[in-house]
Amino acid sequence: MRGFEPSLQPEEFEKQLGLLRDPVIAGTVIGAKPTGPARGFVPGPSVWRHYERSATHGFLALGDASCTFNPVYGQGMTVAALAARALRDAVHHRGDLGHAAVRETRDAIAGVTRNPWQMAAGEDVRFAGTTGGPSGLQVRVQQRMLDRVLARAVTDARVAGAFHRVAAMVEPPALLFRPSVLGPVLFGG
């Protein structure tokens, strides 16, 4: 995560592995023989441009031109694919790539961007280097809930599966609030 990138030095990297939520990952990686030199990566800023609110008439942006995500969450390509599908559907519905199809596509892009953006931005604000992110009670509740989901997912396959489906954008975040997931998350059973 931004500001907490692992060191490329083996002893520092192994120390940081010990800080992960699940000790199984550290146990698997520590002592493994590298296949090549370590390389690092620092992502750029996450930005949602909200063209559905203020774009020039007829302008349409897809993918990173519309919204860039912190790549650690793995959402950018999925949102871009969903945006492309929205464009295809709007052109099919309208019969051409006119202003109505562009407006419909921009609105659809905002719709498919909203949930992953809230999840990603809500997590990014945990880190001191984040500026301009969301704040308030909703973000604190979201973070606390995600902490509990992740803690339970380590020992509960049903919760882990639900989290993975939400993170992969196969299911909406509401899946985490179904009784079969929320019960174990809140009460451990």
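Modeller: Happy to! Helices here are DSSP runs of H or I with at least four residues, strands are runs of E with at least two, and both are numbered from the N terminus. The expected span of a helix is 1.5 Å times one less than its number of residues. This is a predicted model, in which local features need pLDDT of at least 70 and side-chain atom pairs count only at pLDDT 80 or more, while totals for chains, interfaces and linings use all residues. Residues are numbered from 1 along each chain as its sequence is written, and side-chain values use heavy atoms, with hydrogens and water left out.

Let us look at helix H4, which covers residues 76-94. H4 has 19 residues, and from its first C-alpha to its last it reaches 27 Å, close to the 27 Å expected at 1.5 Å a residue.

Next comes burial: a residue is buried under 20% relative accessible area, exposed over 50%, and partly exposed in between, using a 1.4 Å probe and protein chains only. The buried residues in H4 are Val79, Leu82, Ala83, Ala86, Leu87 and Ala90. Seen down the axis of H4, these buried residues fall within an arc of 150 degrees (taken from the directions from the helix axis to the C-beta atoms), so they line one face of the helix.

What do the buried residues of H4 pack against? Their partner is helix H5 (99-124), where contact means heavy atoms within 4.5 Å. The face of H4 turned away from its buried side carries exposed residues, namely Met77, Arg88 and His92. Just after H4, Gly95 takes a positive phi of about 90 degrees.

Arg88 also brings us to the charged pairs. A salt bridge is a side-chain nitrogen of Lys or Arg within 4 Å of a carboxyl oxygen of Asp or Glu. Arg88 forms one with Asp89, their closest N and O atoms being 3.0 Å apart. Arg88 is exposed at 52% relative accessibility, whereas Asp89 is partly exposed at 37%.

Across the whole structure, a search finds seven salt bridges. Among them, Arg152 pairs with Asp156, with the closest N and O atoms 3.7 Å apart. Here Arg152 is partly exposed at 21%, but Asp156 is buried at 9%.
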